[in-house]
Amino acid sequence: MLTGSEMGVVDENAAALGVPRKQLMESSGNAVAGAVRDLADPGASVTIVAGRGNNGGDALVAARFLDDYDLRILLLGRPETITTDISRENWNALQSAEYPTEQVRDASQFDLGDPDIVVDAMLGTGINGALREPEATAAAATNASDAAVLSVDVPSGLDAEDGTLAENAVEADHVVTFHDTKPGLSDLDAGVTVADIGIPEAAELFVERGDLRRLTRDPASHKGDNGEVLVVGGGPYTGAPALSAQAALRGGADLVRVAAPELVAREIQGYSENLIVRPYDGEMLAPPHVDRLAAFAADHDTLVLGPGLGDADATLAAVTDLLERFDGTAVVDADALSVVPDVETDADLVCTPHQGELVGMGGETSDDWRERADLVESFAAELGHTVLVKGPYDVISDGERTRVNRTGNPGMTVGGTGDVLAGVTGALACVQEPRHAAAIAAHAVGAAGDAVVDERGYGLVATDLLDAVPPALWADDDDDD
Ligand SMILES: NC(=O)C1=CN([C@@H]2O[C@H](COP(=O)(O)OP(=O)(O)OC[C@H]3O[C@@H](n4cnc5c(N)ncnc54)[C@H](O)[C@@H]3O)[C@@H](O)[C@H]2O)[C@@H](O)CC1
Ligand SMILES: [K+]
């Protein structure tokens, strides 16, 4: 099952793979026509009630496949108010080809007549709230008629995010939905058909720009609403935690703090005035620090644990202890990864190993990315956490669902890029499910690296990625919806 917004992600991923939505609309329309044929023989009267969005567009396409039926095509509203280019193009095609179209300029003009079939294409996944006019009147007339009602994608009035049905929704007898079923459809007293509209499986497997649609930023949000990240790192190394923390800021977090040993805290602060550094005594993380750190960590949305910590026994013991006392989301990277297989924690972990670290954790790898994807999935299931294995094809899995990211380039084998990835993942995990955070971060950091190399060639360094992360996350690349 896919929600309406998940469907938007998949559909834009399909476009990124070269299968644009207009092609999908053609398939959807064909599927709608097929469903009409299943209900009545040629010659039957079919009234298409089309809204102004892409749901209506699907039915406008269907009309061209139903030349042997007695058609009426009603557009709810004026053609100038059609909301998408592809729907408008399909409307214009019907005009040019002299199909029997009519415009319903306001609800009082709506006359459904007495057709054998009503194709309900008023509203699909783009609905918001109860039906407004003229859809409300059209839905009431549809519900009152004796016609068989075939709804396109969802009955108009069904919210495909949560499956709730508006009180004035269309009462469908049949639904032809696209690609996958939607929330709420199984509760209806209607026959539901799922039509394959030619979305490649890769649109769900590969992380593509459609995944960036999950990122939203509330215009009314306040400092903190977009995430507070605590980076626990540093000791033997200072650059790594500074990179992760700056990357978390570039990844959209509001507040990023670094907890680091006193010995190196000033040095870490010295890299950037954007960082807030909280020192703890000594020169490396050790068990006596955990009490204070655990309390501090609880005030943050996510923890990024590992960058530059080193692998001293005392440090790893402290990492274990900290994870056992934490119940939020933690991105675990670098030396901290080695404790994960044995740790008992209520936290949701996102582990970000490269293939060497994966093997060190007890996972298996393979040169073949498909095989590796399967291995990572099993390993994530075994751990009970999300795993992002870095490589030319990054594999992200929570043990049940597995994604593959293909951005990035050989210039990114340089040190520090993993710290950047951990930081961006930590930021995104403040506002996304862990698996989405990891997938989007892998995609964006890889794309940032690609942008830097496109511009300047190889020889990139990790700090180059920082500036390139925001456009890779938020640049609006949307073509047509
Ligand atoms: N996303 C996808 O993968 C695909 C989507 N397709 C179709 O596109 C549909 C979604 O299209 P859109 O996003 O354009 O949205 P819709 O066609 O569902 O509706 C959008 C329009 O409805 C208006 N509207 C919203 N709430 C309303 C309410 N309560 N009362 C009256 N009007 C309201 C909006 O202002 C907007 O003009 C899907 O349901 C499906 O039929 C297909 O063409 C193929 C692929
Ligand atoms: K509909």
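Visitor: Is Glu98 buried or exposed?
Guide: Glu98 counts as exposed, because it has 7 C-beta neighbours inside 10 Å, and the cut-off for exposed is 12 or fewer. Please note that this is a predicted model.

Visitor: Where does Glu98 lie?
Guide: Glu98 is in the loop between α4 (85-96) and β3 (101-104). Its phi is positive, about 60°, although Glu98 is not a glycine.

Visitor: Is Asp153 buried or exposed?
Guide: Asp153 is buried, since 30 other C-beta atoms are within 10 Å; the threshold for buried is 20 or more.

Visitor: Which residues does the cis peptide bond join?
Guide: The cis bond links Glu133 to Pro134, with omega about 5°. Pro134 belongs to the loop between β4 (117-121) and α5 (135-144). In general, most peptide bonds are trans.

Visitor: Where is Asn128?
Guide: Asn128 is placed in the loop between β4 and α5. Asn128 counts as exposed because 8 C-beta neighbours lie inside 10 Å.

Visitor: How many residues apart in sequence are Asn128 and Ala160?
Guide: They are 32 residues apart in sequence, and their C-alpha atoms are 10.0 Å apart in space.

Visitor: Changing topic to ligand 1: how many residues surround it, and which are the closest?
Guide: Ligand 1 is surrounded by 32 residues, of which the closest are Asp11, Gly53, Asn54, Gly124 and Gly126.

Visitor: What is the make-up of that shell around ligand 1 by class?
Guide: The shell has 15 polar, 10 nonpolar and seven charged residues.

Visitor: Which helix supplies the largest share of the shell?
Guide: Helix α3 does, with five residues. At least two shell residues come from each of α1 (4-16), α2 (21-39) and α3 (54-64).

Visitor: Now the helix α14, residues 434-456. What span should it have?
Guide: At 1.5 Å a residue, the 23 residues of α14 should span 33 Å, and the C-alpha atoms at its ends are 33 Å apart, so the two values agree.

Visitor: How many residues of α14 are buried?
Guide: In α14, 18 of the 23 residues are buried, so the helix is largely enclosed by the rest of the structure.

Visitor: What follows α14?
Guide: Gly457 comes after α14, and the phi of Gly457 is positive, near 85°.

Visitor: How are two packed helices described?
Guide: The description uses the angle between their axes and the distance between the axes.

Visitor: Then at what angle do α13 and α15 cross?
Guide: The axes of α13 (residues 417-428) and α15 (residues 462-474) cross at roughly 30° and come within 8 Å. Therefore α13 is roughly parallel to α15, as angles under 35 degrees count as roughly parallel. The crossing of α13 past α15 is right-handed.

Visitor: What about α9 and α10, at what angle do they pack?
Guide: Helix α9 (residues 290-297) packs against helix α10 (residues 313-324) at an angle of about 40°, and their axes are 10 Å apart. That angle makes α9 oblique to α10.

Visitor: Is the crossing of α9 and α10 left-handed or right-handed?
Guide: The crossing of α9 and α10 is right-handed.

Note on methods. Residues are numbered from 1 along each chain as its sequence is written. Chains are lettered from A and ligands numbered from 1 in the order in which they are written. This is a predicted model: local features need pLDDT of at least 70, side-chain atom pairs count only at pLDDT 80 or more; totals for chains, interfaces and linings use all residues. Helices (H or I, at least four residues) and strands (E, at least two) are DSSP runs, numbered from the N terminus. The expected span of a helix is 1.5 Å times one less than its number of residues. A residue is near a molecule or strand if its C-beta atom, placed from the backbone, lies within 6 Å of it. Ala, Val, Leu, Ile, Met, Phe, Trp, Tyr, Cys and Pro count as nonpolar, Asp, Glu, Lys and Arg as charged, and the others, Gly among them, as polar. Axes are lines fitted to C-alpha atoms, for helices over the stretch in contact, and angles run from 0 to 180 degrees between N-to-C directions. Angles under 35 degrees count as roughly parallel, over 145 as roughly antiparallel, 65 to 115 as roughly perpendicular and the rest as oblique. A crossing is left-handed if the near helix is turned anticlockwise from the far one by less than a right angle, and right-handed if clockwise.
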